[in-house]
Amino acid sequence: MPYEFDEILETIKMTEIEHFDIRTVTMGISLRDCADRNISITTQKIYEKILRYAGNHVKNAQEIERRYGISIANKRVSVTPISIIGDAFGQEEFLKIAETLDKVATEIGIDYIAGYSALVQKGFTKGELELIKSIPKALSQTQKVCSSVNVASTKAGINMDAVNLMSNIIKETAEKTKERDSVGCAKLVVFCNAVEDNPFVAGAFHGISEPEVTLNVGISGPGVVLDAIKNAGGIDFQKLSELIKKTMFKITRAGELIGRKVAEKNNVPFGIVDISLAPTPAEGDSIADILIAMGVEDVGAPGTTAALAMLNDAVKKAGLMASSSVGGMSGAFIPVSEDAGMIRAVEKGHLSLEKLEAMTAVCSVGLDMVAVPGNTSAETLAGIMADEFAIGMINDKTTAVRIIPAVGKSVGDYVDYGGLLGRAPIMPVRELSSKAFVLRGGKIPAPIRSLTN
Amino acid sequence: MKLTEDKIRELSIQAISELGSNASPDAVKKLVEEKIRSSNDFPEGEMNLSSGRVILTSFGLNTTGIVSSISAALSEAQCDILDISQKIMQEFFTMIMMIDITNSPKDIKDLQEIMKSIAERLKVKIYLQHEDVFRFMHRI
């Protein structure tokens, strides 16, 4: 036999017991050739183009799932930031595009379609402003459309006008979807240093330097890493790092195989593997549990940030070795609502928003799926975002905020979405005002780090 | 293989130029369909070359007739057993088979269905996975 007994059993154990799966296969489709002066022609072109490339995406992915015995949790499509193709349009037209995206996504059976986006780190065009204003309506009227707005970058600094605008948009989105626990906010990400080939929603979009069509894959598998660490016992840090690397290497290789095969089946070029370790709400499939297995009592204990930094670094090193096309976010994710261990830590009061913020400095991607009281002011949200983007801007890394000011809820309550979005306890927010700071307006200039030439 | 409009157009133009003055709508349609079929066969065949080998893993409480039930089903499906390795650990039965399904009229999906019914009957677990996944994970 060309494989050892143990090797085969290890793979079976990963896929059957330890929740190893491919988080997403995301087909990125450029819609730049769909722009037209006439909105109905634009939507028709968008509809036809997505159908043409991704019509069989779900069917093909399912076939690959069966062949390799590895499940693919989500099948998604990302598109060119809609603000780019519709720059001449107003809010009403943008809403029509959102409806079209939702319709075609439902027809082809994908889980999400992402790219209702704008990149405004240095300022707005008229179309971008219109798109952003249409976001609350778009997200409340559609099911599968995801939106993201990039408001800061290391090269451009932080566009505080955009941060303030987005904090209001988030509040408005929460209000418009309040009967469903403000679910609209779970589909809206605000970014610093957004990446163009990210396969993960809600922040995915098909960047302007991307080809016509491409297929990106996002892996998962915290459960596998968790079991490996638990079985290893009290080994020292070098050995621990080595162990994580070995495990992640295998996961990444499998991810690349699945991505390439799905791409082949769809007859589109393969893009990248995003080697992020993405948790799911399932018990045992948690980043928090890995940190606990590494030795901290709970997430939030002193040492948590160091443990996460080491985990994240080992994941990257292994991924780089395993795949020749690593991209996207590529780091451990710490979304609160999607990780049973993180939820537990918040419930017990072990994990605060501030500690979470510190953790985002060493991993991707930011304050993700964090629910806060519905009466949190727009200025406070803007302050939270500004802090998060400052980390991203200064450290030349991607940071994001996907925060849910859940209307009518306060600390002690929950938002519950089910599925991969999970459920989140409302976290307390400091009641000190940031108003006079954030409302200064203008831009925080690009840091010295931007001058690398 | 997925056909784009461009590809169909290209095939149609080819067909028209090949048929020359004999190009009637019906003749063109027939020729294009033939071309599509032949171009379809090619990538499928290519894929099958690398996708011939499948690893079958079975485990569960040991009972009589596991190996015979599985191998009988495989032989009925004209699958070639290339290698087999079996262990009993305490009362636990574990078997790994490498099989070649190139000459089988059934594909991996059909075989998974067949094995599912056997697994239910014998109360064991049977997994069928393409060999590539093991090669990618365990070999550099």
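**A closer look at α5(B)**

Mentor: The buried residues of α5(B) are E131(B), D132(B), V133(B), F134(B), F136(B), M137(B) and H138(B), where buried stands for under 20% relative accessible area, exposed for over 50%, and partly exposed for values in between (1.4 Å probe, protein chains only). That is 7 of the 8 residues of the helix, which is accordingly described as mostly covered. The model is a predicted one, in which local features need pLDDT of at least 70 and side-chain atom pairs count only at pLDDT 80 or more, while totals for chains, interfaces and linings use all residues. Residues are numbered from 1 along each chain as written, chains are lettered from A and ligands numbered from 1 in written order, and side-chain values use heavy atoms, without hydrogens or water.

Consider next what packs on this helix. Helix α5 of chain B, residues 131-138, packs with helix α1 of chain A, residues 5-16, at an angle of about 105° and with 10 Å between the axes. This makes the two helices roughly perpendicular, a label for 65 to 115 degrees, with under 35 counted as roughly parallel, over 145 as roughly antiparallel and the rest as oblique. The axes are lines fitted to C-alpha atoms over the stretch in contact, and angles run from 0 to 180 degrees between N-to-C directions. On the side of α1(A), the residues that meet the partner are E7(A), I8(A), E10(A), T11(A) and M14(A), and on the side of α5(B) they are F134(B), M137(B) and H138(B), a contact being heavy atoms within 4.5 Å.

Read along the sequence, the order is α-α-β-α-β-β-α-β-α. Of the 140 residues of chain B, 39% count as buried, and among contacts with a separation of 6 or more, 63% are between residues 24 or more positions apart.

Another helix of chain B also has a residue that reaches across to chain A. Q112(B) lies in helix α4, residues 108-122, and with a relative accessible area of 15% Q112(B) is buried. When residues up to four places away in sequence are left out, Q112(B) touches R66(A) and L128(B).

S140(A), placed in helix α6, residues 126-141, is buried at a relative accessible area of 18%, and beyond four places in sequence S140(A) touches K176(A), T177(A) and R180(A). D181(A) lies in the loop between α7 (160-176) and β6 of chain A, where the phi of D181(A) is near 55°, a positive value in a residue other than glycine; at 17% relative accessibility, D181(A) counts as buried. S330(A) likewise has a positive phi without being glycine, near 50°, and belongs to the loop between α11 (304-322) and α12 (340-347) of chain A. The relative accessible area of S330(A) is 10%, so S330(A) is buried. Finally, the peptide bond from V201(A) to A202(A) is cis, with omega near 5°, and A202(A) is found in the loop between β6 (188-192) and β7 (213-220) of chain A.

Notes
Helices (H or I, at least four residues) and strands (E, at least two) are DSSP runs, numbered from the N terminus.
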